[in-house]
Amino acid sequence: MRFDIITLFPELFAPLLTSGITRRAYESGLVDVHFWNPRDHAEGNYRRVDDRSFGGGPGMVMLAEPLFKCLSAIRAERQEETPAPLVLFSPIGRALNHSAVAQWSASAGAVLLCGRYEGVDQRFIDHYVDQQISLGDFVLSGGEIAAMALLDTVARLQPGVLNDEGSHQLDSFNPALDGLLDSPHYTRPEVWQGQAVPPELMSGHHAHIARWRREQSLRLTALHRPDLLAQARQAGQLSRQDEAFLRQAFGSLTGADQTPAAKKL
Ligand SMILES: C[S@@+](CC[C@H](N)C(=O)[O-])C[C@H]1O[C@@H](n2cnc3c(N)ncnc32)[C@H](O)[C@@H]1O
């Protein structure tokens, strides 16, 4: 899989690509990352990549032409029959979630455009951008952090990147967990500041541990993300045992009408 990243600040990515467990994905080329700076495709002594906004107002806008030249150079190098999608990171886009990430992780990659300033000349977006992705309802200074979020989450899903092959399947939102949140984790010492590790985890009984983890996932999801619990229920993924646990833990309110504030975290 190949990602071509259009950014004015490629140096921001260096720590991401060389640190932590996901660096294996980048170093092995499993996730092949290339950087393109629009400044290298800009005209004149000053190699301008931005200009003032027509109509006035504060802030600069990224020029369409250097972006177009940059994209053309990428397309020439990729030489694909079906061009990889051009993704713009933007507050306009659909918020990134697990199912989108799972699709990207099984794809051939993309060209990622990191906006800066007030954003990108709309004419470039209208003609060349295939998809816009948002990190959430807030404004970043640039698309680089969003691009790093996408790279990181895609890299950790690649086979052989995590030490334990199936471990990402036990993470929050994964279909293997029925889209629920992960259960809590504990490590040594067994007692810390007077608080013991839940005895179920110390039992050595695999079935009991698995059941405890499932119930903690159900409990945390009911408290923090009742929408995910409702989805799992609607998809028929909650067993009778799950429903019995939820009734016993929360009474009859175990769906979207649950009021987390009333329950102990
Ligand atoms: C300062 S922002 C521009 C914000 C824009 N004027 C607006 O109000 O929607 C500069 C760049 O950061 C990136 N960006 C900002 N917020 C983002 C978000 N929530 N998700 C993804 N990218 C974002 C985009 O690439 C954007 O072009």
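**Helix packing, ligand shell and backbone geometry**

V101, W104 and S105 in helix α4 meet L150, T153 and V154 in helix α6. Contact here requires C-beta atoms, placed from the backbone, to lie within 7 Å. Helices (H or I, at least four residues) and strands (E, at least two) are DSSP runs numbered from the N terminus. The structure is a predicted model, in which local features need pLDDT of at least 70, side-chain atom pairs count only at pLDDT 80 or more, and totals for chains, interfaces and linings use all residues. Residues are numbered from 1 along each chain as its sequence is written.

Helix α4 spans residues 98–105 and helix α6 residues 144–155. Their axes lie 9 Å apart, at an angle of about 70 degrees. Axes are lines fitted to C-alpha atoms, for helices over the stretch in contact, and angles run from 0 to 180 degrees between N-to-C directions. α4 is therefore roughly perpendicular to α6. Angles of 65 to 115 degrees count as such, under 35 as roughly parallel, over 145 as roughly antiparallel, and the rest as oblique. The α4–α6 contact has four nonpolar, two polar and no charged residues. Ala, Val, Leu, Ile, Met, Phe, Trp, Tyr, Cys and Pro count as nonpolar, Asp, Glu, Lys and Arg as charged, and the others, Gly among them, as polar.

Helix α7 (residues 206–224) packs on helix α9 (residues 240–250) at about 55 degrees, with the axes 10 Å apart. This angle makes α7 oblique to α9. From α7, the contact uses E215, L218, R219 and A222. From α9, D242, F245, L246, A249 and F250 take part. Six residues of this contact are nonpolar and three are charged, with no polar residue.

The ligand is surrounded by 18 residues, counted when the C-beta atom, placed from the backbone, lies within 6 Å. F89, G115, L140, G143 and A146 are the closest. Strand β5 (residues 86–95) gives the largest share of the shell, three residues. The shell comprises eight nonpolar, eight polar and two charged residues.

Most residues other than glycine have a negative phi, and most peptide bonds are trans. R47, not a glycine, has a positive phi of about 45 degrees. R47 sits in the loop between β2 (32–36) and β3 (50–52). The R188 to P189 peptide bond is cis, with omega near 5 degrees. P189 belongs to the loop between α6 and β8 (191–192).

Mean pLDDT, the predictor's confidence in each residue from 0 to 100, is 94 for the protein chain. At least 70 is reached by 94% of the residues. Residues 255–265 stay under 50.

How values were computed: Contact = placed C-beta atoms within 7 Å.
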